Every structure is written in structure tokens, then in C-alpha cells.
Amino acid sequence: VLIEYVLNQLKNPEGFLAKIRQLYDHPGNSSFDVLEFKDGREFERYSRPQLIGGKPVGRVWSFRDVTGQKRMEESLRETATRLQTIFNAARDGILVADAKTRRFLFANHEICRLTGYTEAELLEKTVEDIHPPKDLPFLLDRFDSLVRGTAMQALGSYEGGRMLFLGLGTGLGSALVVENVLVPLELAHLP
């Protein structure tokens, strides 16, 4: 009666029953899958044999509601897609650098145009590699002080223009260096 009640709620009741039959035909096997319900809920289903003296004498089933987790994962994927679109379409040159190594992790199209480097070339470089030596003490001091802060972001300039370094860490934000003055910027809240 319980299985019939659940079957009416599942998107794939045949798959649910097939997995049960398979496990009872092979009592020594363990199993893990995700059950999708018609109302949008999702449950992880884990099953393993109950053993006594090394022999299967029954089956232990565990179900865990992962609906909230799956919705959060989907929301994060959507947000990442939106951010990637904004990042790529930005008319400002943007680089994302690793806080410890200062190696670039991401470069948008505009920064490639501004610097003359390809994305692949920039991703092999560090903050130090693309700035004039005379600007490095100031820029590295700014970079390191921002990294020590909560947002882990940094900005710098290069000869002939400006570049924005945006990093995502414990917070989300950016800053702008104009005429050697650091100006923090606040980004809108993301859904």
C-alpha cells in the first residue's frame, strides 16, 4: 500500500520499481539514486543489504529530501550563467586573480583587447607580469590589502589605461584605482 501511494507521486514510477526488483534479485548490492516527484520534490534513495554473519538477511533503505539543495544548486548555476554573461559582455577589462598566487584565473574579452594578450596568454600570467615595474609596489600593496579584507578583490592600472581586478571570496564586490586612489564599489545584491 505504501509503495502504491509513492508510485502515484513519482515522475518515473517504472524506474522506481525496476530498482527495487533489481536490488531484491541481487541482495548483496548497494544502490544510490535520486527520486523525482511530480510536485518538484527530490529525494536521495540509498539502499544496502543488512548482513548477519556476512549473509544478506534484509535491506536497509535511507531517504533524504534534497529538494532545497537541488533548488539552490540550480539557482547557483543560473547566477553563474548570468555573471558569466555580464563578465564576457562588460565594456571594462576584467581579470580575476588568485589571492595567494596572484595568477589570473579569468579574463574577459575586453581585457584581452586592451592588453593585446589572448585569454590563454593572460591565464599564464600574474599581476606582476602585466604591470610596469614602477607601478608594482603600489599595486601589490593595494592587492594584498584588499585580499586581507573580506571581499578579496583588487584593482590596478597599466600604462595607457585602467584595469579592474574582481575577485570572489568571502564577499562579492569590486574596487577601482583611479590616480592612485582606491575607491570601493558596491555591487547589487544577487538573487
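Helices (H or I, at least four residues) and strands (E, at least two) are DSSP runs, numbered from the N terminus. The structure is a predicted model, in which local features need pLDDT of at least 70 and side-chain atom pairs count only at pLDDT 80 or more, while totals for chains, interfaces and linings use all residues. Residues are numbered from 1 along each chain as its sequence is written, and side-chain values use heavy atoms, with hydrogens and water left out.

Of the 191 residues of the protein chain, 32% count as buried (buried means under 20% relative accessible area, exposed over 50%, partly exposed in between, with a 1.4 Å probe and protein chains only). Among contacts in the protein chain with a separation of 6 or more, 31% are between residues 24 or more positions apart (contact means heavy atoms within 4.5 Å).

Within α2, the residues P13, F16, I20 and L23 are buried. They cover an arc of only 100° around the axis, and so they lie on the same side of α2 (the arc is that of the directions from the helix axis to the C-beta atoms). E14 and D25, on the other side of α2, are exposed. The partners that the buried residues of α2 pack against are α1 (2-7), β1 (31-36), β2 (42-52) and β3 (55-65).

Three of these partners are strands that pair in sequence order (two strands pair if DSSP finds at least two bridges between them). β1 and β2 run antiparallel and are joined by six bridges, with D33 having R45 in β2 as its bridge partner. Five residues lie between β1 and β2 in their hairpin, and G40 in the turn has a positive phi of about 100°. β2 then pairs with β3, again in the antiparallel sense, over 10 bridges; here R48 stands opposite V60 in β3. The hairpin of β2 and β3 has two residues between the strands, and G53 takes a positive phi near 65°.

Empty space comes next. Rolling a probe the size of a water molecule over the atoms shows where such space is left. The second largest pocket has a volume of about 260 Å³. On a 1 Å grid over the protein atoms alone, a pocket is an open set of points where a 1.4 Å probe fits, with protein on both sides within 12 Å along at least five of seven lines, whereas a cavity is a set from which the probe cannot get out; lining residues have an atom within 4 Å of a point. Grid points are joined across faces, edges and corners, and a volume is the space filled by probe spheres set on the points. The lining of the second largest pocket includes L2, I3, V6, F16, I20, R45 and W61. At least two lining residues come from each of α1, α2, β2 and β3, and α1 gives the largest share, three residues.

T67, T79 and F87 are the buried residues of α3, and their cover includes β2, β3, β4 and β5.

Strand β4 (residues 94-97) points I94 and V96 one way and L95 and A97 the other, and all are buried. Three bridges join β4 to the antiparallel strand β5 (residues 104-107), where F104 stands opposite A97. The hairpin of β4 and β5 has six residues between the strands, and R102 is placed in this loop. Most residues other than glycine have a negative phi. R102 is not a glycine, yet its phi is positive, about 65°. R102 counts as buried because its relative accessibility is 16%. R102 and T126 are 24 residues apart in sequence, but 5.2 Å apart in space, C-alpha to C-alpha. Neighbours within four places in sequence aside, the contacts of R102 include A97, K125, T126, L140 and F143.
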